[in-house]
Structures are given as C-alpha cells and as structure tokens.
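Here are my notes from going through this one. Have the viewer open while you read.

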Amino acid sequence: MLGQKIVLLDDGSGYCSQLKLIFDFIGQPSQVYSNYQSISIPSEDILAFVVLPDGSHHLLAEIHNLYASIPILTTMDDPSQALAPQIFDAIHWPIEQQQLLKVLHRCQNHSLRRHQAHLSAIGGEMDGLLVGKSQVIEDLRQIVQRVANSDVNVLVLGESGTGKEVVARCLHQLSDRCQGPFVPVNCGAIPSELLESELFGHEKGAFTGAVAARKGRFEMAMGGTIFLDEIGDMPLAMQVKLLRVLQERCFERVGSNKSIQIDVRVVAATHRNLEQAVADGSFREDLYYRLNVFPIEMPALRQRVGDLPLLINDISLRLQEHYQARVQFTSKALEALSQHAWPGNIRELCNLLERLMVLLPDGIIDASDLPSKYRGDATLAEVKLEEIEGTHVQEPLTFDLPNQGVNLKEMLVDTELALIKHALQINDGVVARAADYLTMRRTTLVEKMRKYNIKRPHTEMAEAI
Ligand SMILES: Nc1ncnc2c1ncn2[C@@H]1O[C@H](COP(=O)(O)OP(=O)(O)OP(=O)(O)O)[C@@H](O)[C@H]1O
Ligand SMILES: [Mg+2]
C-alpha cells in the first residue's frame, strides 16, 4: 500500500493545483483527473478522493456509489446533510500540515482495514498470523495451507527474525492437530547434556538430580506438533538419537527401556545453511533428508517491503495494549523504512516500533524522527562528518546503571533532553546548527523544544529559529 495515491478531482477553481503542490511537498503521491470517468488507476491503488469546493454534489454521490469503500475527503465548508454521511473527513482551508497529516493517517488506517478484511476473506485463519499481501507471502500462504494437513516433516529455513516460528504455529493451527499441543524446543539453547532428557524425558533416578520422573517434550507434544527450533545447532550425538526416533517413530525415556510410540508432527527450523553444515560435517546428511521432506523458505523483509504498512499496523496493534500508545508514520518515513536493508527482519521492525512508542507515544513519525540508521540520508551525513573530523563521530554511550533497575521510559526522555541541551549549548543556541548536530530537521527540534519546554541558552544569536 506504500505509494497509494490521492485522486484529486479538478473543479477548475485553482484549489486543485495548490493541493497537488502540498501533497508533493509532504511526499504523498497524488494525481489530478478532470472527471471521474477518466480515472485510470486500479481502486486498490487509491488512498482517497478529494472533492473540491466547486465539485458538484452529484459528483460526490457518483463516486460514493462507484467506490464505496474508498474514503472521500472534501474541502467543502458545509456539505449538505444528505451528503454528510458519504464524506469521510474534511480538509480545512487554509491547509494546516498537522491537520492534513491526521486526515491522511485516518485514510491509511482505513485502507489497512480494507486490506485486512480482504485478506481474511481469502486467507481464513492464517490471516492474523502471516501478515502481508506481497506475492511471496501469498505464495507462502498457499504452501502452508497445502502442507498443513499432511503429517510430513517440514523444515522452515530463513534468516533470523523472518517469522519461522510464526509459520510453524500456522502449520499447527491449520492442521487436524490444532486441538492438540504445540510444543517449541530451542535445540540451540539447551545444554547438550540435558537435551536428551529434555526431549525424551527421564525416569526417577536415571541420573544424579533426577529426583522424580519427568515427561519430555515429545511426550508433551502427543497429538500435536513439536517445533524443533534452531535444529542446526543440535549436537551431533543428539542428531543420531533424533534420527532413530524419526525413523522408528518411538523413543524411550532416559533410564527406561519401555518404548513409547510417537503421535507427533515434526516441524524444524534453522537460520543456518544446512546444506553447508552437511558439507562441513556438522550436520548429519541422513537427518537432513529426513527433516527436509518439505522445505519452506521464509522471505527476508527487504524482499517484501510493500508489506511494511500492514506489518507496522499489526505489530503496533499488538504493542498498543502494553504501551497504551500507537505510532503512525508519514509517507516519507515509510519511504525511508522501505529503503532500509532490515538485517534483523520483522524482529528488528518490532524493536524499532517499540522504541518509537516509548519515545514518541501517539506521535506522527516523520523520516527525521527515525533513528539515524533508518533515515535514507543518515549514512551520507555520518560519512561527511567522519571525513571532516577524520574520526568516528558516534562514540558508544555508556551509563552507570543502578542494580535495582531503571525506568526505561524516563531514562530515554532524560537522555533525549540532555542531548538536545548539549547540542544547543555547543552550538551557541543556534537551533538550525543544533538540529544538524543531532541529524534531525530544525522543525522537529523546535517541536521537541516546545514539548520539553527547553529555552535556548542566552547568547547573541545571529539566527532566529
Ligand atoms: N508475518 C508476520 N506478521 C506479523 N508479525 C510477524 C510475522 N512474522 C514474524 N513476526 C514477528 O516477528 C518476530 C520474529 O518472528 P519469529 O520468532 O517467528 O522469527 P524467527 O524466524 O523464528 O527468528 P529467529 O531465527 O531469530 O528465531 C516475532 O515477534 C513475530 O511475532
Ligand atoms: Mg525462531
């Protein structure tokens, strides 16, 4: 949905070209049409219509009939009572940037809901789990749907943070086993000497410390799905035991010779290149083929940046409950995010949203509010400074942290305050230079100074803010 357009219907009054200029300025794509019959873009690419003051009421009703689910914005001061219900929101004249951005965000949210409704119509139960409408995700949804109900072993591959566990849960939820348990095991996080009893359980007295009998994860997963996460990190000795269990479909608890039949679907995942691991001798080839009956490759986020708005909406709804706040992005901020390489994939996106929610609760986030590595121009600015000063400009910040814990939100606000004051101090109170120093826009710094009630230090200032 990135790049959805505002359609401006020209009423010949001259307002249209002014509005187009404003949309261009804030980075919102728009297109002018002289009548609605000539609109040539598909409806899913339209964010909203703008009907101008001299646009006839008849036109407004026609558009509403033709494009019922797309918001109509108007600059009419006083639309008639009969038309009021068809109008989504008003743009007040003269235009005020904040008001315009709020209206655009309402339209974006509306559009996201429209897409989600469409997705739930086509994607059923998978919708809330596998968010996205890019072709790679549509294909993935089909694959997951196809394989969910067979009991074949599935190997989910992909970079870190791409949603491998999300897919494993999807497979479980869409299978006949969905009433049974879903049991995840992080094979890389359990010490190798404990892994066998963790997976297969043990009898009382099987080893020092085994004070009572205990079920293993395979037993806990009976009738359901076991998710062997980070299988590429499983020690070789354990790989042999797992292979035997997968071949014979039965196992024994440690310290017991009673065989237990498994009725468990196995889904494994790893961010490692298992073929390479097989070649290196750190992963058994026979186990690889046993697990890799059906491989699913997760796409990296940079391969599907078109899904960013939907993902942001989904993640921020999840975080909203905890932080009682939401974040919204301007088109320029979304554009900057879509240029980022996302090495940490969706997990990195989750972390960024959480950070912004703490720093700017309920804020409308512009590109300049993003941390420097997410701003398209940051690298260039940093390189320039490095060239000038011949040194690294970003020293790591260090803190003396109290043992009893910290209030992260307050601490981040304090840090921001301190950095702004410092920037003003060393730049003689000249806001434009302080903003450059902080690699943010001057207007953003002015807003922050207002928010925190920061006054410029008393100096003879050559420049007004
Ligand atoms: N399609 C998606 N829609 C919404 N959120 C998602 C999606 N995929 C992943 N996430 C979120 O991204 C985060 C990482 O997902 P997950 O743990 O499944 O990734 P992973 O590939 O298993 O990562 P790792 O290799 O680091 O274990 C989770 O918070 C998850 O909820
Ligand atoms: Mg994982």
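Predicted model: local features only at pLDDT ≥ 70, side-chain atom pairs only at ≥ 80, totals over all residues.

1. Start at the ligand. The shell around ligand 1 is made up of 17 residues. V131, G163, K164, E165 and I346 are the closest of them. If you sort the shell by class, you get 7 polar, 6 nonpolar and 4 charged residues.

2. Which helices each supply at least two residues of that shell? They are α5 (164–173), α11 (308–323) and α13 (345–359). K164 and E165, listed with the closest residues, fall within the range of α5, and I346 falls within that of α13.

3. Two of these helices also pack on each other. The axes of α11 and α13 are 10 Å apart, and the angle between them is about 50°. That value lies between the 35 degrees limit for roughly parallel and the 65 degrees where roughly perpendicular begins, so the pair counts as oblique. As for handedness, α11 and α13 make a right-handed crossing.

4. Now the residues at that crossing. On the α11 side you'll find L311, I312, I315, S316, L319 and Y323, and they meet I346, L349, C350, L353, E354 and M357 of α13. By class, this contact has 10 nonpolar residues, with 1 polar and 1 charged. I346 is worth a click: this α13 residue takes part in the contact with α11 and is also among the closest to ligand 1.

5. On to the sheets. One is an open sheet of 5 strands, paired in parallel, and its order reads β2-β1-β3-β4-β5. One place to look is I6, whose bridge partner in β2 is S30.

6. The other open sheet also has 5 strands with parallel pairing, in the order β7-β8-β11-β6-β12. Here β7 (182–186) and β12 (294–297) are the edge strands, each with a single partner, so one side of each lacks a neighbour in the sheet. On average, neighbouring strands of this sheet are turned by 20° against each other, direction ignored.

7. Inside that sheet, β6 (residues 154–157) pairs with β11 (residues 265–270) in the parallel sense, over 4 bridges.

Note on methods. Residues numbered from 1 in each chain as written. Chains lettered and ligands numbered in written order. Near = placed C-beta within 6 Å. Nonpolar A, V, L, I, M, F, W, Y, C, P; charged D, E, K, R; others polar. Axes fitted to C-alpha atoms, helices over the stretch in contact; angles between N-to-C directions. Parallel < 35°, antiparallel > 145°, perpendicular 65-115°, else oblique. Left-handed = near helix turned anticlockwise from the far one by under 90°. Contact = placed C-beta atoms within 7 Å. Pairing = 2+ DSSP bridges.
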